[in-house]
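This report looks at selected sites in one protein model and describes their surroundings. Please keep the sequence and the structure in view while reading.

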Amino acid sequence: MTDKLIIFDTTLRDGEQSPGASMTRDEKLRIARQLERLKVDVIEAGFAASSNGDFEAVRAIANAIKDSTVCSLSRANDRDIARAAEALKGAERARIHTFIATSPLHMEKKLRMTPDEVFEQAKQSVRFARNLVGDIEFSPEDGYRSEVDFLCRVIEAVIAEGATTINVPDTVGYAVPELYGEFIRTLRERIPNSDKAIWSVHCHNDLGMAVANSLAGVKIGGARQVECTINGLGERAGNCSLEEVVMAVKTRRDYFGLDVGVDAKHIVAASRMVSQTTGFVVQPNKAVVGANAFAHASGIHQDGVLKARDTYEIMRAEDVGWSANKIVLGKLSGRNAFKQRLQDLGVALDSETEINSAFARFKELADRKSEIFDEDILALVSDESVTSENEQYGFVSLSQRSETGEMPYASIVFTADGKEVHSQAEGNGPVDASLKAIEAHVKSGAEMVLYSVNAISGSTESQGEVTVRLQNSGRVVNGVGADPDIVVASAKAYLSALNKLQSKADRVAAQG
Ligand code: KIV
Ligand code: ZN
């Protein structure tokens, strides 16, 4: 057993399975690079066999990432496994993560297979995978609700076939910490070859206990890998939150006694990037990455922190990437200062062209907004993720009119396939009018399932960050736009969502 806790990030796979959180290949690649900067040990990049889009995303990540192991999920069948191996070909270190359900309920109702058939398929899949890639993870899906004797039989067999990591998912978030920890311990004690594999936990958050369960799996059960996601993104109520689990183990090293390789100062930038890309806003009181996580409002607390910081703080904000100096730049700031600030924020853009384009947008923003905060910069940089060379629509300009007693009206100019389009419409409000003006030309027919506005830095001078979620023919996409003018931010978000709607390939459900 090692003293290191392996951090397996599944934001790009389990996280992406959150309804509405699906990401394009370029967005996934961008987040994968941030995860590598964060020094996570394993990046689960996707589920290669689920769609051509996800295959390409896994392949692009496998080719680009050098310091983390890149993993693809795969059902326990030869076709899926071969597809995962193909997508991972370019990886410096590759892992195939194959799974099959083992609970009586899942086997009987979902798979319609007998336990013996599941046993054989699990064994045969790991054997097949092991011939393609050396690093194999096996998950008995719904493991926590499986019968212990059967689970022991399956796990012993897959370890004998060469599985190097055994992950025990609490797929439906049913576990409670002590019982889950004991469950893992029992499996490890009863399975004769259990020491030949690293044990891993994968907990969903349906009862709000994903982090507690994962930590119990580590402390009581002896697991040495935690599967987690940035901001706790994941199916339904989400998955175990990476930032919480990492900071718990680091802050309470006295209790856990484990090393974690993650470089925590990139956590806030990663959280911000995932939130912007998916449109899943982080609640202000969220541990570690929420806007209030290090804010002290009461006089007694403020007084205490000023006298001795550790009176009310158990972690340092700057250690997880919050900056002490909040007002950072203005319109006189130069490119070098901008670049330095990006570095301090843990953001590395991939090319000089990207830096130049972000700097141009920074200058444009600084002309309209006297104080530029870290949050503005992070929003501006994340905007890169919605701008790809192939995008069909682009924002140019907008004017709108609203007056008490009058019907709001908007006139917008945008590009469609490189040509300028001028369009006007009336609506219930200026935002509605602007989006109707776009739709009058585009005629996407998409249904808007979410519209949200968030003030990036908390005052009326702040930029508005708008998320628009569109649904069309079973596909759901998010568009995000930021601007000091929320009507413009809304139009940008809508155009960005339309771009994604055009480019996204169909996906199959990850668990079938
Ligand atoms: O929750 C789950 O069971 C999963 C498996 C595919 C590991 O995500
Ligand atoms: Zn899961």
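Ser 200 sits in strand E7; strands (E, at least two residues) and helices (H or I, at least four residues) are DSSP runs numbered from the N terminus. With a relative accessible area of 0%, Ser 200 is buried. Buried means under 20% relative accessible area, exposed means over 50%, and partly exposed lies in between (1.4 Å probe, protein chains only). The side chains of Ser 200 and Asn 167 are joined by a polar contact of 2.8 Å. A polar contact is a pair of N or O atoms within 3.5 Å; within protein, one must be able to donate a hydrogen and the other to accept it, and residues adjacent in sequence count only if both atoms are side-chain atoms. Apart from neighbours within four places in sequence, the residues in contact with Ser 200 include Glu 137, Thr 165, Ala 223 and Glu 227, where contact means heavy atoms within 4.5 Å.

The model is predicted: local features need pLDDT of at least 70, side-chain atom pairs count only at pLDDT 80 or more, and totals for chains, interfaces and linings use all residues. Residues are numbered from 1 along each chain as its sequence is written, chains are lettered from A and ligands numbered from 1 in the order in which they are written, and side-chain values use heavy atoms, with hydrogens and water left out.

Which residues coordinate the zinc ion (ligand 2)? They are Asp 14 (OD), His 202 (NE2) and His 204 (NE2), at 2.0 to 2.2 Å. Donors are N, O and S atoms within 2.8 Å of the metal (3.2 Å for Na, K and Ca); water is not among the atoms, so sites may look incomplete. Along the chain, the donors of the zinc ion follow the spacing D-x187-H-x1-H. Asp 14 lies in the loop between strand E1 (4–9) and helix H1 (25–37), and His 204 lies in the loop between strand E7 (198–203) and helix H8 (210–219), 190 residues apart. Asp 14 and His 204 are both buried.

| Residue | Distance to ligand 1 oxygen |
|---|---|
| Arg 13 | 3.0 Å |
| Thr 171 | 2.6 Å |
| His 204 | 3.0 Å |

Taken alone, ligand 1 exposes 260 Å², and the protein buries 99% of that. These areas come from the Shrake-Rupley method with a 1.4 Å probe; for residues, only the protein chains shown count as cover.

Thr 277 belongs to helix H11 and, at 3% relative accessibility, counts as buried. A polar atom of the Thr 277 side chain lies 2.6 Å from the backbone oxygen of Met 273.

The side chains of Tyr 451 and Ser 490 make a polar contact of 2.8 Å.
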